[in-house]
Amino acid sequence: MILLLMGPQGSGKSTQGKLLAEKLKMHFISTGDVLRMLYRENDPVGIEANKYWGKGELVPDKIVHDVMKEYLSRHPDPKGYIIDGYPRHAVQYKTMMDVFPEPVNALIYLDLKGSVIEKRLQKRWHLEHRQDENQDAIKRRLQIYDTETHPLVERFRKDGYPVIEVDATPAIEVIFADILAGLQDNNIIA
Ligand code: AMP
């Protein structure tokens, strides 16, 4: 099974992804985490990718495509994957079936308003000092999300994928319960 997570930065995709992975005994993977891990390991691909993500820009498709494909083939999981961060725009939407080992079962879309997003990201920067969470990089990432990533939600809907839309404003447990209910309503989990 493949479940995709989509939502603006700060909407809690990785928190919810990890909770879901634990509950459904699936494998959670975030493209951003994999790229950051390669950078920490001084892998040349990670160093190249950092030139982009350090500024809040998207990493070139070829890099992300190869990194994801290799990661998935090296971590086979019979129960499948919960994926945060791919696809991120129309080109990746078209190539995703070459990256994923099986068809996508549903998109989980975490919706969050702009003012809440900025507050959450500022807070996270103070706590984690992530290189791409300074003011300029935050702005750029949100802009890319609005213009390139968010329109994919409609693409998924139009192409007949179940889209589980959840308000990402309330507490973590409430959002998690809403996601589970959405997956059950769509007969994706029992
Ligand atoms: P994230 O942790 O999901 O916010 O990702 C951090 C950064 O990694 C992004 O700002 C991008 O630079 C890069 N990145 C993650 N996923 C992708 C992707 N699918 N395509 C291109 N760049 C990506």
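Accessible areas here come from the Shrake-Rupley method with a 1.4 Å probe. On that basis, the chain of this predicted model has an accessible surface of about 9,900 Å². Carbon and sulfur atoms hold 53% of that surface. Of the 190 residues in the chain, 46% count as buried.

The secondary structure consists of nine helices and five strands. From one end of the sequence to the other, these elements run β-α-β-α-α-α-β-α-β-α-α-α-β-α. The radius of gyration is 16 Å, close to the 16 Å that the globule rule gives for 190 residues, so the chain is as compact as a globular protein of that length. The C-alpha trace spans about 40 × 35 × 30 Å along its principal axes.

Among contacts between residues at least 6 apart in sequence, 73% join residues at least 24 apart.

A pair of aromatic rings is described by the distance of the centres and the angle of the planes. Rings pair if their centres lie within 6.5 Å, and planes over 60 degrees apart count as edge-to-face. By this rule the chain has four aromatic pairs. One of them joins Y86 and F100: the ring centres are 6.0 Å apart and the planes stand at 80 degrees, so the pair is edge-to-face. Y86 lies in the loop between β3 (81–84) and α5 (90–99), while F100 lies in the loop between α5 and β4 (106–111), so this pair ties together parts that are 14 residues apart in sequence. Both Y86 and F100 are buried.

Another pair is formed by Y93 and F156. Their ring centres are 4.9 Å apart with the planes at 90 degrees, so Y93 and F156 are also edge-to-face. Because Y93 lies in helix α5 and F156 in helix α8 (residues 152–158), the pair ties together parts that are 63 residues apart in sequence. Buried means under 20% relative accessible area. Y93, at 8% relative accessibility, therefore counts as buried, and F156 is buried with a relative accessible area of 0%. Ring pairs link Y93, F156 and Y161 into a cluster.

Helix α8 also contains L152. L152 is buried, with a relative accessible area of 2%. Leaving out residues up to four places away in sequence, L152 touches M6, P87, R88, H89, A90 and Y93.

A last stop is S30, which is placed in strand β2 (residues 27–30). S30 has 7% relative accessibility and so counts as buried. Apart from its neighbours within four places in sequence, S30 is in contact with R36 and D84. D84 falls within the range of β3 (81–84).

Notes: Residues numbered from 1 in each chain as written. Predicted model: local features only at pLDDT ≥ 70, side-chain atom pairs only at ≥ 80, totals over all residues. Heavy atoms only, no water. Helix = DSSP H or I, 4+ residues; strand = E, 2+ residues; numbered from the N terminus. Rg over C-alpha atoms; globule rule 2.2 N^0.38 Å. Buried < 20%, exposed > 50% of the residue type's maximum accessible area, 1.4 Å probe, protein only. Contact = heavy atoms within 4.5 Å. Phe/Tyr/Trp six-rings, centres within 6.5 Å; stacked < 30°, edge-to-face > 60°.
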